[in-house]
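I opened this notebook page to record what I looked up in the structure shown below.

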Amino acid sequence: MTAEELYSKGFELRCEGRYREAKLYLQGALNAEPNHLKAAWQLALIKGFEGDFDGSLEDLRVLAAANPQTEEIINDLAMTYMMLGYQDEACAEFHRLLALNPNHENALRQVKFC
């Protein structure tokens, strides 16, 4: 399987809540293509879904710093901050997201809480 096929299967499994299997495919995508951003992003989200909130947050921070134009990652970082009660950090990320895309629907909804 190609890196993209591995990613697609891993993403599908993640959406089904089959995290253990999803991680195998997503890690396979990263092994095949070490800079596969979407695979790394989904692995970071799975950490949070499995209860490793600190690990998920750290991975999302690293990905957002390395990919400062990637709206989806910034949004997930902001939402994770919000979920974990880091209001100031969440608001900063939502504002950063709105600076990139003033029409970002979720950021516009969430920034009202800042």
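I took helices (H or I, at least four residues) and strands (E, at least two) as DSSP runs, numbered from the N terminus. I note that this is a predicted model, in which local features need pLDDT of at least 70, side-chain atom pairs count only at pLDDT 80 or more, and totals for chains, interfaces and linings use all residues. Residues are numbered from 1 along each chain as its sequence is written, and side-chain values use heavy atoms, with hydrogens and water left out.

Entry 1, fold. I read the pattern α-α-α-α-α-α-α along the sequence. I found the radius of gyration, taken over C-alpha atoms, to be 14 Å.

I counted a residue as buried under 20% relative accessible area, exposed over 50% and partly exposed in between (1.4 Å probe, protein chains only). Buried residues form 40% of the 114 in the chain.

I listed I73, I74, N75, D76, L77, A78, T80 and Y81 as buried in α5. These buried residues pack against α3 (37-49), α4 (53-66), α6 (87-100) and α7 (105-110), with contact meaning heavy atoms within 4.5 Å. After α5 comes G85, with a positive phi near 90 degrees.

Methods:
Rg over C-alpha atoms; globule rule 2.2 N^0.38 Å.
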